[in-house]
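Subject: Structure for your review

Dear colleague,

Please find the structure below, together with its sequence. I would be grateful if you read the notes that follow with the model open.

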Amino acid sequence: MSGVGRPGARPVSVPDGFLLTNIGELTTNVAVDGDRCGTLRDAAVLVEGGRVVWTGPAARVPDAARPGSAESAAARGGAPAVEVIDAGGRAVVPGFVDSHTHLVFGGDRAEEFAARMAGEPYAAGGIRTTVGATRAATDDELRARLGGFVAEARAQGTTTLEIKTGYGLDVETETRLARLAAEVTDEVTFLGAHVVPPEFADRADDYVDLVAGDMLAAVGPHARWVDAFCETGAFSPAQSRRVLEAGRAAGLGIRMHGNQLGYGEGVALAVALGAAAVDHCTYLSDDDVVALAGSDTVATLLPGVEFSTRQPYPDARRLLDAGVTVALASDCNPGSSFTTSMPLMIALAVREMGMTPAEALWAATAGGARALRRDDVGAIAPGARADLVLLDAPTRVHLAYRPGVPLVRRVWKDGVEA
Ligand code: NIG
Ligand code: FE
């Protein structure tokens with residue numbers, strides 16, 4: 001990790017921190033001896049200034065952090081003793097990193113969902129319904145809705161969220177959505193290339209010109225990433241490439257929607273462009289898997305989509321066995337996956353996609369961090385942000401073993417309890 005403290009460095013004072021101790025199972029994601037999750041038993045975490053400063057056995061907490069000890073009092077120069085939080089033998093995991101959401105939108109599509117559950121197929125065109133409702137919503141309405149989703153996600157253990165535009169599809173509304181997203185996260189993605197809006201019907205290339213031109217110029221300053229939905233019914237590989245290369249030239253990182261509804265060139269394009277991640281990956285050829293395995297592009301799997309669209313789940317086992325880095329994300333949006341629950345993604349990945357509980361937890365935390373090219377989240381390691389989740393369970397396995405049960409007991413973001 002870059003930007004982190006020296007392993008083993010001893011804090012001399014913890015005036016604005018806390019000691020979370022008596023942790024039955026701590027998932028650090030600092031790999032050790034073949035355990036990618038870096039699991040510690042009977043552990044403690046020391047937090048200072050919003051960052052993790054030490055992790056280790058509860059019986060070997062640094063002297064300077066021991067409340068009430070003469071040494072700690074001296075080291076703190078008389079400052080109050082560090083707060084001690086007793087985890088009661090429960091499990092602690094890193095905050096979830098949800099690297100793919102579409103949380104700024106108006107309306108919902110419950111009727112479309114009901115029709116699908118009665119046999120209708122999912123189609124990309126439903127996005128236009130939400131575009132209409134989003135354009136009609138005021139900033140305050142969108143902001144209130146977004147705030148509700150962020151709180152909902154946080155209560156379920158998500159401490160880092162990526163949020164895409166993509167339900168505006170005109171310069172003014174896409175810019176509004178990016179500004180609103182930027183109020184709640186640094187991980188804003190410009191998705192003007194979500195679908196061709198109705199006013200450009202039969203003029204898709206003209207719309208691509210707008211997205212890669214004036215729309216990018218207006219939205220780019222509020223975003224970190226550019227994305228394109230490369231799929232039949234949305235944008236061709238050539239159109240997607242045009243938008244993504246324009247975004248890159250404007251200083252944005254590349255991520256993509258690809259291979260969601262069928263086989264295609266999305267994954268190959270993402271790898272060729274050096275995308276940080278290609279998301280969905282439901283239909284993959286052997287060549288796609290080989291290309292991903294030989295790249296730095298993360299395959300982000302979104303099982304909430306398959307759950308909500310009755311599509312076949314992606315084969316995570318195939319990707320993991322090939323050496324691909326896999327992330328899990330919610331894809332929360334009103335059409336294909338209307339849930340913010342990362343514990344649900346973990347349960348689905350374990351039950352339906354061939355992942356072990358440890359692999360799924362890693363993918364929902366460290367995997368999401370890789371997908372966002374972040375080294376300050378997704379792990380509980382010295383120097384990392386103190387984004388911690390205390391589970392109401394003795395192990396992380398319970399996240400899949402007890403599906404649908406609210407197991408997130410307490411959440412800290414940057415060392416502050418949510
Ligand atoms: O990631 N695939 C494209 N976009 C969303 C769906 C958006 C919608 O149906 O409103 C997705 O699944
Ligand atoms: Fe999506």
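This is a predicted model: local features need pLDDT of at least 70, side-chain atom pairs count only at pLDDT 80 or more; totals for chains, interfaces and linings use all residues.

Residues are numbered from 1 along each chain as its sequence is written, chains are lettered from A and ligands numbered from 1 in the order in which they are written, and side-chain values use heavy atoms, with hydrogens and water left out.

Metal site

The iron ion (ligand 2) is held by His 100 (NE2), His 102 (NE2), His 257 (NE2) and Asp 331 (OD), at 2.1 to 2.4 Å. Donors here are N, O and S atoms within 2.8 Å of the metal (3.2 Å for Na, K and Ca); water is not among the atoms, so sites may look incomplete. Along the chain, the donors of the iron ion have the spacing H-x1-H-x154-H-x73-D. Of these, His 102 sits in the loop between strand E6 (96-98) and helix H2 (110-117), and His 257 lies in strand E10 (residues 253-258), 155 residues apart. Helices (H or I, at least four residues) and strands (E, at least two) are DSSP runs, numbered from the N terminus. His 102 counts as buried because its relative accessibility is 2%, and His 257 is likewise buried at 2%. Buried means under 20% relative accessible area, exposed over 50%, and partly exposed in between (1.4 Å probe, protein chains only).

Domains

The chain is divided into domain 1 (18-95 + 380-417) and domain 2 (96-371), with bounds from an automatic or database domain assignment. Their contact (heavy atoms within 4.5 Å) takes 18 residues from domain 1 and 19 residues from domain 2. About 1,500 Å² is buried between domain 1 and domain 2, with carbon and sulfur atoms giving 70%; this is the accessible area (1.4 Å probe) that two parts lose on being put together, summed over both. On the side of domain 1, Arg 36, Gly 95 and Leu 399 lose the most area to domain 2, together 33% of what that side buries. Between the domains there are zero salt bridges, where a salt bridge is a side-chain nitrogen of Lys or Arg within 4 Å of a carboxyl oxygen of Asp or Glu.

A buried threonine

Thr 185 is located in the loop between helix H5 (171-182) and strand E8 (187-193). Because its relative accessibility is 10%, Thr 185 counts as buried. A polar atom of its side chain lies 2.6 Å from the backbone oxygen of Leu 161. Beyond neighbours within four places in sequence, Thr 185 is in contact with Leu 161 and Ile 163.

Salt bridges

The structure holds 26 salt bridges. In one of them, Asp 139 pairs with Arg 176, the closest N and O atoms being 2.7 Å apart. Asp 139 is in helix H4 (residues 139-155) and Arg 176 in helix H5, 37 residues apart. Asp 139 is partly exposed at 31%, whereas Arg 176 is buried at 14%.

Glu 187 and Arg 224 also meet in a salt bridge (2.9 Å, N to O). Glu 187 lies in strand E8 and Arg 224 in the loop between helix H6 (204-219) and strand E9 (225-230), so this pair ties together parts 37 residues apart in sequence. Glu 187 is buried at 1%, and Arg 224 is partly exposed at 30%.

With kind regards

Methods:
A polar contact is a pair of N or O atoms within 3.5 Å; within protein, one must be able to donate a hydrogen and the other to accept it, and residues adjacent in sequence count only if both atoms are side-chain atoms.
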